[in-house]
Structure formats: C-alpha cells, structure tokens
Amino acid sequence: MADVPLGSLDAARPAVPPPETFVAGARHADPGIYDDAEADWVGWWERQAHDLAWQRVWQEPLQWDPPFARWFVGGRLNASVSCLDRHVEAGHGAQVAYHWVGEPGDRRDLTYAELAEEVGRLANVLRGLGVARGDRVAIYLPMLPQLVVAMLACARIGAPHSVVYVGFGAQALADRLVDAGAKVLITADGAHRRGEVLPLKRTADVAMGAAESVRSCLVVRRTNSDVRLMPGRDAWYDEVIGQASPICEPEPMDAEDPLFLLYTSGTTGTPKGIVHRTGGYLTHVAATHRMVFDHDPDRDVFWCAVNLGWITGHSYGVYGPLANRATSVLAEGALDHPSAERTWRIAEVDKVTTLYTTPAVIRALRAAGEDGPEAHDLSRLRLLGSVGEPIEPEVWRWYHEVVGGGRCPIVDTWWQTETGGIMLSPLPAITTVKPGSAMRPLPGLEVSVVDDDGARVERGQAGHLTVTRPWPGMLQTIWGDDERYRRTYWSRFGAEVYATGDRARVDADGDLWLLGRDDEVLKVSGYRLSSAELEAAIVDHRAVAEAAVAGRADPLAGQAIVAFVRLRPGYDRDASTVAAQLRQHVIARFGAIARPETIVIVDDLPKTRSGTIMRRLLEELAEGRTPREISALDDPDLVAHLIEATAEAAGGR
Ligand code: WT7
C-alpha cells in the first residue's frame, strides 16, 4: 500500500489525514508495515502469533487445503492463559480488566487477578458438571461480568461456548441449543432493558424444554426476578461458584481446536454455527486490536460499546483486548437509556481513550441531541471506531467533530462474524481516510472485488468483495456442516476464493466502499437477519399462508423490516388484528430485534410465471417506490393492489 495520492481524491468528500498530535503519540505509525507484511505474509502472521502465550510452538504456520486452512499446526495453547494468567504472572494482577457499569447505575471494577480467580472457579464448576473438552456450553446472559467469566471458563476447559444474544426469543434460543447439542446453559434470572426486566430464565426454561441435550443450568442473580429452579438441573451461579476452588489447570488445546461457536444469519432459514478456533482466531484479534486501535495497555481505556453476544463483542470486547492486557469498559443496557448523556458520562468518568461502536448507536446518540458530548470532558478520547454498516458522511462528521473534537481519527472497520476479526480498515496513524470508506485490507490480508465471472473489476467499478488468501481469524467451518461451509463461502468464485456476500466499489485510488449485501440479508439496527429466517418466523403463525420480507431504508435503524403476508382463508376478514398478533408472535418466537415495522396484508405475493417471489419488486414497494419492471409478473393486475396495501400499512404502522 502506497501513500494515497491526494490529488486524485473526490473533492466533494475531502480526505482526512491522521491528526499530527495523534501520530506523534502513536505506537504504530510506520507505513512500512504494509510492505513488511507483504514481503512474507505467512511469516508476518507468525510474528503476530508469537505475542501469545504458547505452551508449545507450532511446527507449520499454515496448511492450506482449500477451502480448509489449518493455522499454526502442532501449536498448543489455552486462550484463557494468554488473556489472564500471563498478565497476572507478569505483575499486572491489580490492573483493571473491566470497568463494569450496570443499567441501573451500579458499578464494579474487575481486576485481572479477580477475573482469573472467578474464571478458575467457574471452570471447576463446569468440569464438576461433567463438561469435558469439546463439549458445548451455551451462554444466554446480559452484559454482566459473569458473561466474560463464562466465556473464559469455557475456554479454560476447552469447551466451545455458544453465546446467544439476550434479545433472542425462546425458539431462536432453542434452535441454537439443539444445533450445538449444548450440555450446559448459563443464564440469569432476568435482564435489564431500557428500564424493564426481560424474563430471561423463563425464556430459557421454554427453550430448554425443547432441547434435550441441556443437562444443567446455572443462573446468575441479577434482577431478583421470581424464578423456579428445577431440582437436579438448575443451580444459582453464586452458590456453586462460592464452593469451588479458584485454581483450575488449563486444558492444553491444539491451535486448531474450536474456541467457540457463534450463530449468524445466512440465506436460508437455519442459522449457521460459525466455528472459530483457538490459535488463529486469537492471533488475528489480538494483532488487529493492537494495530487498528493503536492500543497501549499502559495508556488506553478501551470501550467496545456493542453487545458481547455478537462477534464484535467476542473479538474486541473480550479476546483481543484481554490478550493485549487492555482495560476495557463493559456497559449493561442501552447507551441512550435513560438518556444519551449516560454514554458521555461513562466516557468521562472512566477516562475512555478509544470508543468502538456501530453506526446505529452513533445515529441514536446523535439524534438524542441534548445532553450531548459537548457537556462532558472527553479530552481523553484519542480514537474512534465504527463497525457493522456503512457510516453516512453526516454521521461520520458528527462523530469526528462533536464526539472526537476533530482530533481523533476514525477507523471504519469492515469484517464479518465469519472473518473473526477486522479485515478492511484504515490504520489510524498512517491512513488518510475518506469518510464512508473502509479503505483497504490490513497488513497480511488480500482482497479482490470481482465481477460475476470472478474477474477483478477495474478501478471505479463495483462488484463482489472476495478474500483471496487464507487469514488466521477465518472461520474453520459451519458447525456440523462442512458441505454448507464449502457451498456458502467457497464455491461461487472457486474453492480458493472466499465470497463475502457483500458488494463493494473500488475507487480511482483503489480504496473500497461497501455497498451492502449481495444476498437476502438485512441489517436492522446493526443486527444481521436473513429474510428467510424472518419469513419462517412469520409463516409459523397459524393465520399465515405465505410471507416475504424486504428492507426499507430507515434513518436510525439503517434498515426496517417490511413484511408482506398472505393470510389463510378465514383469517383475512380482520387483517389489522392479525397484523398486531403477528408482530407479537415474531417478537416472542424470534426476539425483539426481528420486529417487523410494517406488516402488509396482501391478496397474493408477486410471483413470476414459474412461481418465484419477485423480491426486487417487494423491495421497491417497501421503499415506497412504484415498481418499474413488471413484465415477468404472473399477474400484472396485482401491482395496483400491492401499492395500495403497502401505502395503507405504512400509513397505519
Ligand atoms: C456484515 C457482517 C463486523 C462485525 C459486526 C457485524 C456489514 C460490517 C461494515 C462496514 C459496511 C459493514 C457487511 C458484512 N458490515 N462492517 N464497516 N461498512 N458494512 O458482523 O453481523 O457478521 O455482519 O456487516 O455487510 O457482511 P456481522
């Protein structure tokens, strides 16, 4: 990567060079890092891997048998040792690992020594419950310190964890428990959410009723909700932890052993259990956390303000920062509840230097207007990050000027659950950034934007974003389904090319602009949802004959869900009542994140003569546009009805 030729930049969006004050204090300010990595990319990743605590060093850095890669073959390590023990042993036991802030305002600081102790205790408890290396443990917890403890306790005994976001409902949780064959579930009595309490244990009870593999359930006390413990299966977390020893021998894991599973949406109704492994994943997230966030453990307070239930939380809320001995902030509840002021107060009180969050959160904070960042001392902030969606130039500018006071670089990081860690991003002390662009691949990585035939597109053109060489954080497979792994990611452009499912444009300088998904995946408030999954949740309702969903651009959520539904005969008389029930049904079954904003009851879904639903047409309707190309439509008379029904539903939502 050469310097960006300033003369060729788009004048309408002036590029922003790294602020001089930032560069002066940066740890990673040498642009030579790109050439250095490129000269021997495998060796470069090996150098990053050496930063972890290995029990036995690998014999071979990479075996690439497309589409299966094995990183650091023969190496042995335990992730919890790299994240905890080695820091305590080096004399940093008293350093705060997490400043935890509860939604009601309670606080707890956890040092590395305390975290290591509690992890040891829980690890012993899990072993006592019969959890052995390779067994899966599901975690359905709000943003509590115990969530981090649970992840690391699993890592300690070599039991892959599967964290399920607490916004998911009973059915979604049950599906994930069953697919992973989870032996133990760790949950809480309830979760605080915007001043209300979510009945977590009750949801978990329903889910466990449908998941035979779950033999034990540990319950963290959080909301003092009334819960029922099933004798022989359930126990209070506090009680069992108190009786366990804090000393627990770490399981010596192969670099290639799975560290965790994380379910994500794809193009079908069944979620995919993305498998990440120990050595490569940890190498990738630790190295990128150092580079992208210019992290210095003796200077920085890092706040990854997203839920740990998603990959961003796993990689930059837990594993990356802990491997780098970071002090992090962990906040329960929404950042704008009871008001956005909460965010700025936490940043001030905990002296946050680095804030990493999603455009959805940034938009919500910006929309809050009052109680703005101006009223707080945010002078410690030195770096801002964005993840999960493209960030609009106006939102970028507000983040830069108002939050960052114009002195903090912004790193717009592109990656996916599947990539494990950041792939495209500026380096904050090196890259002159263009607001809205994720810029370039990080050192050691290689991507290509290709046309439908897999040929690299010219500069100025758009196409499919692909990754053209293996990377250490890459997913190992889809849990229990190697064939789906191959078909989903490594078949469209050949077995050696990873298809991201995203579209991107390469500009005249070779910088990348993400254009959204290629497939039927929606991003609602930063949550990744597939149309197929949503449709399955809707069709599951007895009144529904058929359903199709489309996304509509939304100024806050990014996209909002519009559901087109054909009812079964007999239910079509009281359509508006059914619509309200349907919304509740989807929330209960899938979770509040899947709430359809608009439900359009239609006489029929638009289909081609061969019976395929015309999704393009539904997208146009959802956006409030008049469909242009309807010649493929089996029943052209349907269009007028669809337009009318959509307008009516949108007006009354
Ligand atoms: C999808 C992955 C990356 C962790 C959180 C989301 C979109 C992600 C960006 C960005 C534009 C982005 C892509 C990607 N995306 N980052 N900086 N600019 N789009 O992980 O839930 O697996 O979603 O999010 O479409 O494929 P995820």
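## Basis of the model

This is a predicted model: local features need pLDDT of at least 70, side-chain atom pairs count only at pLDDT 80 or more, and totals for chains, interfaces and linings use all residues. Residues are numbered from 1 along each chain as its sequence is written, and side-chain values use heavy atoms, with hydrogens and water left out.

## Overall fold

The chain holds 19 helices and 30 strands. Both are DSSP runs numbered from the N terminus: helices are H or I with at least four residues, strands are E with at least two.

The C-alpha trace spans about 75 × 70 × 55 Å along its principal axes. The radius of gyration of the chain is 24 Å, which agrees with a compact globule, because 653 residues would give a value near 26 Å. That radius is taken over C-alpha atoms, and the globule rule is 2.2 Å times the number of residues to the power 0.38.

## The ligand site

The ligand is surrounded by 17 residues. A residue counts as near if one of its heavy atoms lies within 4 Å. Closest are Asp 412, Thr 413, Thr 417, Asp 502 and Arg 528. Helix H11 (311-323), strand S20 and strand S25 (512-517) each supply at least two residues of this shell. By class, the shell has 6 nonpolar, 5 polar and 6 charged residues. Here Ala, Val, Leu, Ile, Met, Phe, Trp, Tyr, Cys and Pro are nonpolar; Asp, Glu, Lys and Arg are charged; the others, Gly among them, are polar.

Polar contacts are pairs of N or O atoms within 3.5 Å. A ligand oxygen atom is 2.8 Å from an N or O atom in the side chain of Arg 517. For the side chain of Gln 416, the distance from an N or O atom to a ligand oxygen atom is 2.9 Å. A ligand nitrogen atom is 3.1 Å from a polar backbone atom of Gly 388. Taken alone, the ligand exposes 550 Å², and the protein buries 94% of that. These areas come from the Shrake-Rupley method with a 1.4 Å probe.

## Cavities

The whole structure has 4 cavities of 30 Å³ or more. The search uses a 1 Å grid over the protein atoms alone; a cavity is a set of points where a 1.4 Å probe fits but cannot get out, and lining residues have an atom within 4 Å of a point. Points are joined across faces, edges and corners, and a volume is the space filled by probe spheres set on them.

The largest cavity has about 70 Å³ of space. It is lined by 15 residues, with Val 16, Pro 409, Ile 410, Thr 431 and Val 433 closest to its centre. Helix H14 (393-403) and strand S20 (410-413) each give at least two lining residues. The lining has 13 nonpolar, 2 polar and no charged residues.

## The second largest pocket

A pocket is an open set of points with protein on both sides within 12 Å along at least five of seven lines. The lining divides into 12 nonpolar, 3 polar and 9 charged residues.

## Backbone details

The peptide bond from Pro 66 to Pro 67 is cis, with omega near 0°. Pro 67 sits in the loop between strand S1 (60-65) and strand S2 (68-73). Another cis bond joins His 337 and Pro 338.

Arg 194 is not a glycine, yet has a positive phi of about 50°.

Technical notes: Polar contact = N/O pair within 3.5 Å; in protein donor to acceptor, adjacent residues only side chain to side chain.
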